[in-house]
Amino acid sequence: MKLKKLYLGTNTKMYKTIADTRTFLTELDRHTKDIGRENLELFVLPSFTTLQEAKKCVASGRIRLGAQNMGWEEEGQFSGEISPLMLKEVGAEIVMIGHSERRHVLGETDDMENRKVLCALLHGFTPLLCIGETRKEKETGISDEILRSQLKLGLRGVSGEKSKRLWIAYEPVWAIGVDGVPASKEYAQEKHGVIRACLTELFGKENGDRIPILYGGSVNPDNAPELIRMKNIDGLFIGRSAWEASRFDSMIRSVLPIWEKKQ
Ligand code: PGA
């Protein structure tokens, strides 16, 4: 089935200050404003403290903004957490949930991700659930089981109707960041197939097919085109290679025609 758009986005992790984010978004918006959005969903997930200012830098609808995490209650005794009401107030539309660094550095569990997914859906956000196996899990030959269990536990209680708002990012832990090795296009294609099959199992064929699955983990200008050429890959979730606006713009321009041809 045809997905409506190509999904391209970046999470700036704990890097850009308000001033840096302002510069990045203003430049990204200037570089990309001539690119039609009929086929493109462009999004940026900057730090919490920058969101309010970030909103002022982008024309509405051209670059969607979101948060890198969210607490699962509206308010309460959760020091250090940011609630869905607070995120709404600053204009976030997307909420990233379960990024590898949240799971493996900060100790989040599938149950926690599940609460966040349900809460994000309840409050009208687009949850971007990140999943991926570690190197050890890959070497043990249990990658598919891990992906399936992260999906099944993370999406517990999500209805077919609500699933229409979900986005998934497949980000193998061993592929992410400065020490990461990007997944080959064949490997990513295969794992996206496993994820798609599990989503259709959970939500039925029509709903399951509709959910975009993005690949992330050391995406760069060289491997982006070949990844997007793969049938099962609906978008790219990019870290380091997207943090300079002109570089990100070039990547967008290089993959969009490839994606359009694939449709
Ligand atoms: P990277 O980050 O592209 O710098 O590997 C990806 C991510 O963490 O989402």
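Is Cys-119 buried or exposed? At 7% relative accessibility, Cys-119 counts as buried, where buried means under 20% relative accessible area, exposed over 50% and partly exposed in between, with a 1.4 Å probe and protein chains only. The model is predicted, so that local features need pLDDT of at least 70 and side-chain atom pairs count only at pLDDT 80 or more, whereas totals for chains, interfaces and linings use all residues. Residues are numbered from 1 along each chain as its sequence is written, and side-chain values use heavy atoms, with hydrogens and water left out.

**Overall fold and dimensions**

- The protein has eleven helices and eight strands, which are DSSP runs numbered from the N terminus (helices: H or I, at least four residues; strands: E, at least two).
- The radius of gyration, taken over C-alpha atoms, is compared with a globule rule of 2.2 Å times the number of residues to the power 0.38; for 263 residues a compact globule would have a value near 18 Å, and the 17 Å of the protein agrees with this.
- Along the principal axes, the C-alpha atoms fill a box of roughly 50 × 45 × 35 Å.

**Burial, contacts and surface**

- Of the 263 residues in the protein, 55% are buried.
- Among contacts (heavy atoms within 4.5 Å) between residues at least 6 apart in sequence, 72% join residues at least 24 apart.
- The accessible surface comes to about 11900 Å², and carbon and sulfur atoms account for 51% of that area; accessible areas come from the Shrake-Rupley method with a 1.4 Å probe, and for residues only the protein chains shown count as cover.

**Charges**

- The protein carries 39 positive and 37 negative side chains, with the centres of the two sets 4 Å apart; Lys and Arg count as positive and Asp and Glu as negative, while His and the chain ends are not counted, and each charge is placed at NZ of Lys, CZ of Arg, CG of Asp or CD of Glu.

**Cysteines**

- With a disulfide taken as a pair of cysteine sulfur atoms within 2.5 Å, the count comes to zero disulfides.
- Cys-119 is in no disulfide, and the nearest cysteine sulfur, that of Cys-130, is 17 Å away.
- Cys-198 is likewise in no disulfide, the nearest cysteine sulfur being that of Cys-130 at 16 Å, and Cys-198 counts as buried at 0% relative accessibility.

- Lys-13, a residue other than glycine, has a positive phi near 50°; Lys-13 lies in the loop between β1 (6-11) and α1 (18-32) and is buried, with a relative accessible area of 15%.
- Ser-218, also a residue other than glycine, has a positive phi near 55°; Ser-218 lies in the loop between β7 (213-216) and α10 (224-229) and counts as buried at 13% relative accessibility.
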